[in-house]
Amino acid sequence: MFVGHYSVSFAAKSIEKSIPLWLLFLAVQFIDVLWGILVLLGIEKVRIVPGITASNALDLYFMPYTHSLLGALWWSLVGFAVYKVLRSRGANTRAAALVGVAIFSHWILDFVVHRPDLGLYNDSHKMGLGLWNYPVLAFALEAILLVVGLILYLRSTVAVTKVGKFAISVFTLILLLVQLATLLGPAPATAPAQAVAALSLYFIFAAMVFWLERQRQ
Ligand SMILES: [Zn+2]
């Protein structure tokens, strides 16, 4: 899953205002951020196999540290602990727990769309429901999740600037267009190219949200 993950960021923000939305944007992709770094380091493995799923060409054949169930639980715990410690003044346990849940939600949503490439622990007992093989359904799920998240966010905040009235909705539309472009566009040429593209987009989106969330409160 790609932009659908951000529905959890919006939902968590609507529950707990003290957490920056940009941080929740990074939290829901934290497992993929680690994945991108480990792929570039050659520790986790992906190869481009056109047609391996109907939605994309990613053969994610070795990613035990980031995308196994145990790995995802571990990183969620790390996120919870780091948030609790670093934001010791403002952060309550509920906010830190929500950051942990946001990190773990990545695995749940990936489980729905991935082919069986998510291990239980290490590289064993691979799981994945494979919705990527139904591109229209997979895209619809991402879009519905994202729009529901946006509605929750809009209902729990008010615009404090003129652009605040519409900017986050335009941004959500851009996310969907980027998702559509990755679905219809050419497959990435190499595994490192895929990792760099993913990492760049995750940080660009978080940076945009850093500015966007100042337009609403
Ligand atoms: Zn992932």
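Start by selecting helix 1 and helix 7: their crossing is left-handed, meaning the near helix is turned anticlockwise from the far one by less than a right angle (clockwise would be right-handed). Helix 1 covers residues 6-15 and helix 7 covers residues 135-156, and their axes come within 8 Å and cross at roughly 20°. That makes helix 1 roughly parallel to helix 7, the label for angles under 35 degrees. The axes are lines fitted to C-alpha atoms over the stretch in contact, with angles from 0 to 180 degrees between N-to-C directions. Helices here are DSSP runs of H or I, at least four residues, and strands are runs of E, at least two, numbered from the N terminus.

A word on ground rules: this is a predicted model, so local features need pLDDT of at least 70 and side-chain atom pairs count only at pLDDT 80 or more, while totals for chains, interfaces and linings use all residues. Residues are numbered from 1 along each chain as its sequence is written.

Next, show the side chains where helix 1 and helix 7 meet. On helix 1, pick out Tyr 6, Phe 10 and Ser 14, among others; on helix 7, the contact residues include Leu 145, Gly 149 and Tyr 153. Contact means C-beta atoms, placed from the backbone, within 7 Å.

Now move to the core. Which residues have the most contacts inside the largest nonpolar core? They are Leu 24, Phe 25, Leu 26, Ala 27, Val 99, Ala 102 and Ile 103, in a core of 56 residues. Such a core is a set of buried Ala, Val, Leu, Ile, Met, Phe, Trp, Tyr and Cys residues joined through C-beta atoms within 7 Å. Buried takes 20 or more other C-beta atoms within 10 Å, exposed 12 or fewer, and partly exposed is in between. Helix 6 gives the most to this core, 10 residues. Click Leu 24 and look for Ser 9, Ala 12, Lys 13, Ile 19 and Ala 102, which it touches, leaving aside residues up to four places away in sequence.

From there, follow the loop between helix 6 (93-113) and helix 7 to Asn 122. Asn 122 isn't a glycine, yet its phi is positive, about 45°. His 125 sits in the loop between helix 6 and helix 7 too, with a positive phi near 50°. Asn 122 is exposed, with 12 other C-beta atoms within 10 Å.

Last stop: Gly 51, in the loop between strand 1 (45-48) and strand 2 (58-62). Gly 51 is exposed, with 8 C-beta neighbours inside 10 Å. Draw a distance from its C-alpha to that of Asn 133: they are 82 residues apart along the chain and separated by 9.5 Å.

Notes. Parallel < 35°, antiparallel > 145°, perpendicular 65-115°, else oblique. Contact = placed C-beta atoms within 7 Å.
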